[in-house]
Amino acid sequence: MTNLPHQSADDHTAGLSEAQDAPSLEVDNVSRVFSGKDDGLVALANVTMDVKQGEFISLVGPSGCGKTTLLKIIAGLMTPSAGEVRFESSVITEPRNDIGLMFQTPTLFDWRTAVRNISLPLEIRQSTGFDWDTRIAEVLDLVGLRGFEDHYPRELSGGMQQRVALCRLLVSDPQLMLLDEPFGALDEFTREHLNTELARISEHENKTTVFVTHNIGEAIFLSDRVAVMGVKPGRILEIVDVPIERPRIPSVRTSAEYTTVTNQIRDILGLG
Amino acid sequence: METITTYTEDELAELARSLGPPQALQKSPILAFFTHTATLTAATVIAMAALWEILSAIDPRFWPEIVLSRPTEIIPAFWMAITTGFVWANFWVTFQEAGIGFIAGAGGGFILGALIAMSPIFRKAFYPVVVLFQSTPRVALAPVFIAWFGFGMTSKIALAVTICFFPVLINTITGLTVIDENSLVLMRSLRASRFQIFKELRLPSAMPAIFAGLKTALTFAVIGAIVGELTAANEGAGHLIETATFQFRMDDVMAYLFMLAIFGLVLFLSADYLERKLIFWHQDTV
């Protein structure tokens, strides 16, 4: 690894067990009420959730359960009506350099090549203290994009575009990764493939991750825990543990535990 | 379940060879020539000219030469026009008026458009005024400009500026304002400054719209110059056309119009080429 602005993996493994178990991300009694067009709509009601350092947690639920709203609040892009969110003990009030965001759409700039899309966060933040090219090469290797550096977004498939977006997220080594249905617009085969890749990358990078999806299978495959959310008002119904060994490989999907957790979540959501 | 067979690159290539090229898609070279755009366009032009010529020959009462010359007369007149220094000198005047008008009008449109798009104060102050002026037929200003700036080039440049200012202004405002929501959220999450958002996101996103405005403005600038010359002038392509019309030299009028058409086409194709080079990422450019 190169000299990065933040180093997490080593601190984590070397740390004391209490430090390891201390929550890294704390969502403390957060509510959000919308005014204006959706006057009085309670998008989120008293959501509380602790996420440990290096933990992968998914937010699953039907449309309107407030999962994207919660993600935006954690990202510092939206303020809660009540309650607060803390990351590494400091209250989130605005976007931060140690938090990275990824969307359902690749959101690449068409006029920049893949590699220049990836370096965008470094350029915007004028990052210093490490060699950009080395770090870019590292994330390209990690995501399997070598050889596509000079391609423009329109020359890449949907799956490849999302890989570029993933590289752009990873390049500045965020301590908290927020992913909003990143594979939601892809076909089933590509989605499954990228899930396997993300599981591998996430185990390698050991970052705290919040992953929004309405695909139960995807949530179980990737997560340590799944927060199951409900509507009217948007809230967390239950947080389910996923007792499946890592590394997560495709065969996980046919395991007995996988089926058990799936049924458990479907029960909570009232899907039978 | 059946076993999955994996083909090697060589086996795939062999398979493609054995299947041969897609027969149905192949076209004979002769058919390809006759269905080509250039061939068909040329055929249309020649057919129209021939019909025109025949109608003039059959019934001169309905196609009097004093009103409309025949193609066989226009072609020599055209040749005469493009080999005469005097004609070129007049076209050069029009070219300068349109060119200066375009640069000033489009430049001004872009700058004011960017200010309106980026500053709420500017927007409130200028946008209603812009809409008011935009809905005024601006060629009606031609006599006013003649009165203000005289018979020379200045009045024509002023008209060209006024006409080509608005398409660039409006398209700049639209282009800079209508931005992909997620891209803006991304830039905000990266804590980009207003200037960074403008330079890295808004301006490149707006380029296709701005360029569309510039292309319209280019045509408008020529219209402005010509209309100005038709109103009152002692030089320029518009002046040539007007003089020739009054003298019933219809073959010359048609030759000048033809020259203007070619002039316009060259400008349009240059702009199109430049657009493809500059906005290489945008696919919808036609």
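This briefing walks through a predicted two-chain model, from confidence and overall build down to single residues. Because the model is predicted, local features need pLDDT of at least 70 and side-chain atom pairs count only at pLDDT 80 or more, while totals for chains, interfaces and linings use all residues. Residues are numbered from 1 along each chain as its sequence is written, and chains are lettered from A and ligands numbered from 1 in the order in which they are written.

**Confidence**

- The model comes with an ipTM of 0.84 and a pTM of 0.80.
- Chain B averages a pLDDT of 87, with 94% of its residues at 70 or more; pLDDT is the predictor's confidence in each residue, from 0 to 100.

**Chain A overall**

- Chain A is built from 10 helices and 10 strands; helices (H or I, at least four residues) and strands (E, at least two) are DSSP runs, numbered from the N terminus.
- Along the principal axes, the C-alpha atoms of chain A fill a box of roughly 45 × 45 × 40 Å.
- Of the 272 residues in chain A, 40% are buried. The cut-offs here are 20 or more other C-beta atoms within 10 Å of a residue's own for buried, 12 or fewer for exposed, and partly exposed in between, with C-beta atoms placed from the backbone.
- Among contacts in chain A with a separation of 6 or more, 72% link residues 24 or more positions apart; a contact has C-beta atoms, placed from the backbone, within 7 Å.

- Strand 8 of chain A (residues 208-213) is mostly covered, with 6 of its 6 residues buried.
- In a regular strand the side chains alternate between the two faces of the sheet. Here T208(A), V210(A) and V212(A) point one way and T209(A), F211(A) and T213(A) the other, and all are buried.
- Strand 3 of chain A (residues 56-60) pairs with strand 8 of chain A in the parallel sense over 5 bridges, with S58(A) opposite F211(A). For strands to count as paired, DSSP has to find at least two bridges between them.
- Strand 7 of chain A (residues 176-180) also runs parallel to strand 8 of chain A, joined by 5 bridges, and L176(A) sits opposite T208(A).

**The antiparallel sheet of chain A**

- Four strands make an open sheet in the order 2-1-4-5 in chain A, with antiparallel pairing. Its edges are strand 2 (41-52) and strand 5 (90-91) of chain A, each pairing on one side only.
- Strand 1 of chain A (residues 23-34) and strand 2 of chain A run antiparallel and share 8 bridges; L25(A) stands opposite V51(A).

- K232(A) and P233(A) are joined by a cis peptide bond, omega about -5°; P233(A) is in the loop between strand 9 (225-230) and strand 10 (235-241) of chain A.
- A cis peptide bond also joins R246(A) and P247(A), with omega about 0°. P247(A) belongs to the loop between strand 10 and helix 10 (256-268) of chain A.
- S89(A) is not a glycine, yet its phi is positive, near 75°. This residue lies in the loop between strand 4 (82-87) and strand 5 of chain A, and S89(A) counts as exposed because it has 9 other C-beta atoms within 10 Å.
- D173(A), also not a glycine, has a positive phi of about 50°. It is in the loop between helix 7 (158-170) and strand 7 of chain A, and D173(A) is buried, with 23 other C-beta atoms within 10 Å.

**Chain B and the interface**

- 13 residues of chain B contact 16 residues of chain A. Helix 9 (181-189) and helix 10 (194-231) of chain B are the elements giving two or more residues to that side of chain B, and helix 9 of chain B gives the most, with 6 residues.
- That side of chain B divides into 6 nonpolar, 5 polar and 2 charged residues. Nonpolar covers Ala, Val, Leu, Ile, Met, Phe, Trp, Tyr, Cys and Pro, charged covers Asp, Glu, Lys and Arg, and the others, Gly among them, are polar.
- L141(B), in the loop between helix 6 (120-134) and helix 7 (142-149) of chain B, is buried, with 20 other C-beta atoms within 10 Å. Not counting residues up to four places away in sequence, L141(B) touches L159(B) and T162(B).

Methods: Contact = placed C-beta atoms within 7 Å.
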